[in-house]
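Open the model in your viewer and keep the selection panel at hand. The tour goes from domains to sheet, then to helices and ligand.

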Amino acid sequence: MTPEEFREHGKRVVDWIADYLVDVEKCPVRSPARPGEVRSALPAHAPERGADFDAVLADMERIVLPGITHWQHPNFFAYFPANASGPAILGDLLSAGLGVQGMVWATSPACTELETVVVDWLAELLGLPGHFRTDGAGGGVIQDSASSAVLVALLAALHRVRKRTGSAPRPVRYTMYVSGQTHSSVERAGRICGVGTDNVRIVDVDPNTLAMDPRQLERLISADIAAGAVPVFVCATIGTTSTTAIDPVRAIGEICRSHDVWLHVDAAYAGVAAICPEMRWINDGVAEYADSYASNAHKWLLTNFDCGLLWVADRQPLIGALSALPEYLRNTASESGEVIDYRDWQVPLGRRFRALKLWSVIRWYGAEGLRAHIRAGIAMADEFAALVSADPNFEVLDPHHFGLVCFRPLWTETDPERADELTMRLMESLNDSGDMFLSHTKVRGRVVLRMAIGAPATGMSHVRAAWSRIRAVRSQFA
Ligand code: PLP
């Protein structure tokens, strides 16, 4: 494709995306495609001869779109909504256009330095402590996901503890600590790093708040030390995936400090809410105790997937764990020590120019625009929760601090399992209708529905309409 052909087709693609965003509300939110349907509509073998780009767009409409679940739909309330936005899409397009591979500073200085600037900007906007900034002892880096962020944080923690313990006379058994509400990526990181599932301790949660119980954490750590293990890593969550519960970071941090254990704070969804000063309380204890902190701009900060942010209080263990310098990457800038090489802050070598989309987003919306987005999500969630609470046929699970409201319908059916089946059927019926998309979880053994508000296109009229539909379908099932 020549640049002129690119110009012509590129304009059409941008128009196509703009039309899609205008019309997305007309699509069923969840794709009705059955397993294998998209695949069977595609040729079994790659084409021998090239085709015009019009053919690609035609197949997008005919084959791909019916297999799309529309994350940009205003009635997308499942999981945590994706946060695409115009400036993020354009920033991503610029990144693709430049085709930069930013593995080390020398492979594209702006790719590294723009990233440093935006992660430092964001650290300041979120009120994170100064030592998380690049001009402090630590720094931030953009990862593809919170899963990668916790993996590299664990690698750094293991590196730090190995340096501390030196070469042990016999194999060391490392242990790490999560709660039953911690995201599964943390346990997976433990498996990947060789800590092993058996050494991932599950700390109890408070049955009411679903937050990690620090007293049990202390007991487990002490018991492991007494048994000869080396506790290495605790993950506290601010905004758990199921219900957005908040672990007591300060109390957990004090325990980590007293045993010299790395504290990672997973604020994948909720952390960006701290851009609003009135939400900064969620980070209580982070400044004093967190060794690393992760939050995803792609979950709630108007930035397309993928854009996971990780900050560390001290960059040395991270770089120590991950740096490698083969001859073919040697260069004078790296050797001068004056530059950052972010490939030492992540698992893969290669890296996309992700900072461009985040930079575009921050510049387009400004901090006040981003705050307005977060506040709108919280306000809509509050209003939704008030509507649900006012209905005697439903129950809201409190508290809800962010854009997620967990709730459940109440049934005359007294058998909990059968009542849960009805709840699931209610949800499937709503999701099958294409009108809206909710997801579910289990809390204290019971099925609850998750209404996650925060897709950029969602307004209160959508939330009210969704509530009417939920009530109407419940009454059909009752
Ligand atoms: N941590 C929490 C608390 C999450 O809610 C999620 C995803 O929802 C993750 C981690 C994983 O995020 P990612 O998909 O960026 O790996």
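How many residues of domain 1 are in contact with domain 2, and how many of domain 2 with domain 1? The contact involves 25 residues of domain 1 and 20 residues of domain 2, where contact means C-beta atoms, placed from the backbone, within 7 Å.

Before going on, note two conventions. Numbering starts from 1 along each chain as its sequence is written. The model is predicted: local features need pLDDT of at least 70, side-chain atom pairs count only at pLDDT 80 or more, and totals for chains, interfaces and linings use all residues.

**The two domains**

Colour 1-30 + 69-85 + 365-478 as domain 1 and 100-352 as domain 2. These bounds come from an automatic or database domain assignment. The C-alpha centres of the two domains lie 29 Å apart. Now select the side of domain 1 that touches domain 2. Helix 14 (355-389), strand 9 (404-409) and strand 10 (439-443) each give two or more residues to it. Helices (H or I, at least four residues) and strands (E, at least two) are DSSP runs, numbered from the N terminus. Helix 14 provides the largest share, eight residues. By class, this side has 13 nonpolar, nine polar and three charged residues. Ala, Val, Leu, Ile, Met, Phe, Trp, Tyr, Cys and Pro count as nonpolar; Asp, Glu, Lys and Arg as charged; the others, Gly among them, as polar.

Show the seven strands in the order 1-7-6-5-4-2-3: an open sheet with mixed pairing. Strands pair if DSSP finds at least two bridges between them. Strand 1 (139-143) and strand 3 (200-203) are the edges, each pairing on one side only. From one strand to the next, the twist averages 20 degrees. Zoom to strand 6 (292-296) and strand 7 (308-312): they are antiparallel over five bridges. Ser-292 stands opposite Val-312.

**The helices**

Select helix 5 (109-125), which lies across strand 1 and strand 7 at about 110 degrees to strand 1. Axes are lines fitted to C-alpha atoms, for helices over the stretch in contact; angles run from 0 to 180 degrees between N-to-C directions. Next, take helix 6 (146-165) and helix 12 (315-322). They pack at about 95 degrees, axes 8 Å apart. They are therefore roughly perpendicular, a term for 65 to 115 degrees. Leu-155 and His-159 of helix 6 and Leu-318 of helix 12 are among the contact residues.

**The ligand**

Finish at the ligand, surrounded by 15 residues, each with its C-beta atom, placed from the backbone, within 6 Å. The closest are Ser-145, Ser-147, His-183, Thr-241 and Ala-268. The shell divides into four nonpolar, 10 polar and one charged.

How values were computed
Contact = placed C-beta atoms within 7 Å. Parallel < 35°, antiparallel > 145°, perpendicular 65-115°, else oblique.
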